[in-house]
Amino acid sequence: MSKTVTIDPVTRIEGHAKITIMMNDDGTVDEARLHITQFRGFERICEGRPFYEMPSLMARICGICPVSHLVASAKACDALLAVAVPETGARLRRIMNLAQIVQSHSLSFFHLSAPDLLLGMDASPASRNIMALVSSHPQAAKDGIALRRFGQHIIELLGGKRIHPAWIVPGGVSAPLTQEHRDEILATIPEAMEAVQRTLAWFKPSLKKFREEIGVFANFPTLLMGLVTPSGDLEHYDGRLRFAKPDGTPRMEDVAPERFNEFIGEAVEDWTYLKFPYFLQDGYPDGIYRVGPLARLNMVGRCGTPLADAELEEYRQLSVEERMSSFHYHWARLIEVLYGIERIKEIVSDPDILDTHVRAHAEPNRSEGIGVSEAPRGTLMHHYKIDENGLITWSNLIIATGHNNLAMNKGITQAAKHYISGFDIPEPLLNRVEAVIRTYDPCLSCSTHAFGQMPIRMQMVDSKGMVVKEVSRQ
Amino acid sequence: MKRTLLVGCGSPLREDDALGPALVELAATKGLSGLTTKVVHQLTPELAIDIAASERVIFADASMHREMLVDRIKPDAGASAESHLYTPGALLALADTLYNAQPEAWIIAIPGHSFELRQGLSVVGTCALQQAAVALGNLLAAD
């Protein structure tokens, strides 16, 4: 009789989910599935609301990455107004987006994944957490806190508060950057830079301890997707949308992000609330692709800042096959943190950043608007339609975690098949299946637009649907 | 007055869940020297830096209990932090272990009545806020 293993809740992620592992009668794994068990329906909530409320409304989707939603939503509203955001306004938005990426990546790396990386995948769950890490590796913990604070402080300086700032508005931003705040941002750069460089210095040599995990943590070729600059470099705010082959070469000519609907379909399965976006040309489910830091760094020409480019060059010493392992999301995240700090320094060092012309004003000039930006976890798409009174009649959001849904499911199947054999499964092996999900840093509140508790769980089920083993950690 | 950090935790979009932030707002209008305030939706790790810079920290949050609780709290190194959510005790442990700081710490748990998706406190919550303000005043005056 075949059986199923369930991990429920999956821990140290942003959201509530469950993993089910379907077992064959001979004790081998048939398939693993990531079930997203929360639902919110933000698209419906905003119907009938004035379009200019959308950035603030959409930011409420998530307390971790509200800035990402603010940016994409404001860009969709810019398109409704048909205005060009003043250059300084766009650059200020870019700073806040980068600060968001730095703080979010730091939370993922240090607080959610570092316990596995520094204390070991085999450590007992009771001692494999951030509090244990604080005792055993205080400098790493301090660096994680310093980088979180760096990003959050910039968001607070620009937006007036850390969570749900209403500073990014349709047409630009609501207030310019003051010289005092500019100087305060510049003063925080050296400490943040030291923290991420110190982290890269211990992380890279540690990779040799994880050869087995690198080999089976969602290590398979997929397409990659994300924004790039017109010259094909790293881009988080604007640019062109690229679909790339595993080796990073474009699958087709880069397109305007507003055309995403021509290339992305969304499939639905009855066992999860999270949709499955796929590359239309390859159909479902073959049109699997990945987004986020790993995809971005695997497909861009260069980062465009000196220290991050040096790190990218070292990262690219890996073969294309090795770079397909989702384990390397961790490395890519650190390089993007370094890039974010460098780029913020570059932008705020320009005297023009204090220009006070930061917002364009207009009435709606179009009935449909699309905004696309890069969130920490990948490409974020907001698509709105309004009536003649500027009220929202329809909206659709495609969130980074959704883009990765096919890859996450295939990834946990690969890891489960490698680590699980028979029905007596030690916890460290289940932790490795969970850790595959953590490499993507999924934000399930965002991707289902759901709210509530954050954990996941794992279940083993036989071919008749009977639960034979369950691991639950709240 | 001791260098004091008052942290108000909660969402202003969920009625009485905003009791912590409302208490902070009330305290901020008094212009007390030595009092620093912060409003947060959740307790996140970087708060440990602010805690470490304080001689006293007071966490104010809405509670589901009927009675207001004003209690001394201590670092809790055994607290679980499986996501970005931290408990006051876990944050005190971070401040202690990483920055060698042991500020006096208190929690004011303010009884909330309604937590629906709505702005503004309930009538019961508004009364509780006044009680919490008295409790906060007593704490601050106890130097």
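Ser104(A) is tucked away: with 1% relative accessibility, it counts as buried, because the cut-off is under 20%. Keep in mind that this is a predicted model. Ser104(A) is part of helix 4 of chain A, which runs over residues 87–119.

**Around Ser104(A)**
- The side chains of Ser104(A) and Arg377(A) are joined by a polar contact of 3.4 Å.
- If you skip residues up to four places away in sequence, Ser104(A) touches Ile64(A), Pro376(A), Arg377(A) and Asp441(A).

**How helix 3 and helix 4 pack**
- Two packed helices are described by the angle between their axes and the distance between the axes.
- On the helix 3 side, the contact is made by Pro66(A), Val67(A), Ser68(A), Val71(A), Ala74(A), Lys75(A) and Asp78(A), while helix 4 brings in Arg93(A), Met96(A), Asn97(A) and Gln100(A).
- Sorted by class, that contact has 5 nonpolar, 3 polar and 3 charged residues.

**Around Val300(A)**
- You'll find Val300(A) in the loop between helix 9 (293–299) and helix 10 (306–315) of chain A.
- Leaving out neighbours within four places in sequence, Val300(A) is in contact with Val228(A), Gly232(A), Asp233(A), Leu234(A), Leu312(A) and Arg316(A).
- Val372(A) sits 72 residues from Val300(A) along the chain, and their C-alpha atoms are separated by 18 Å.

Technical notes. Residues numbered from 1 in each chain as written. Chains lettered and ligands numbered in written order. Predicted model: local features only at pLDDT ≥ 70, side-chain atom pairs only at ≥ 80, totals over all residues. Heavy atoms only, no water. Helix = DSSP H or I, 4+ residues; strand = E, 2+ residues; numbered from the N terminus. Buried < 20%, exposed > 50% of the residue type's maximum accessible area, 1.4 Å probe, protein only. Polar contact = N/O pair within 3.5 Å; in protein donor to acceptor, adjacent residues only side chain to side chain. Contact = heavy atoms within 4.5 Å. Nonpolar A, V, L, I, M, F, W, Y, C, P; charged D, E, K, R; others polar.
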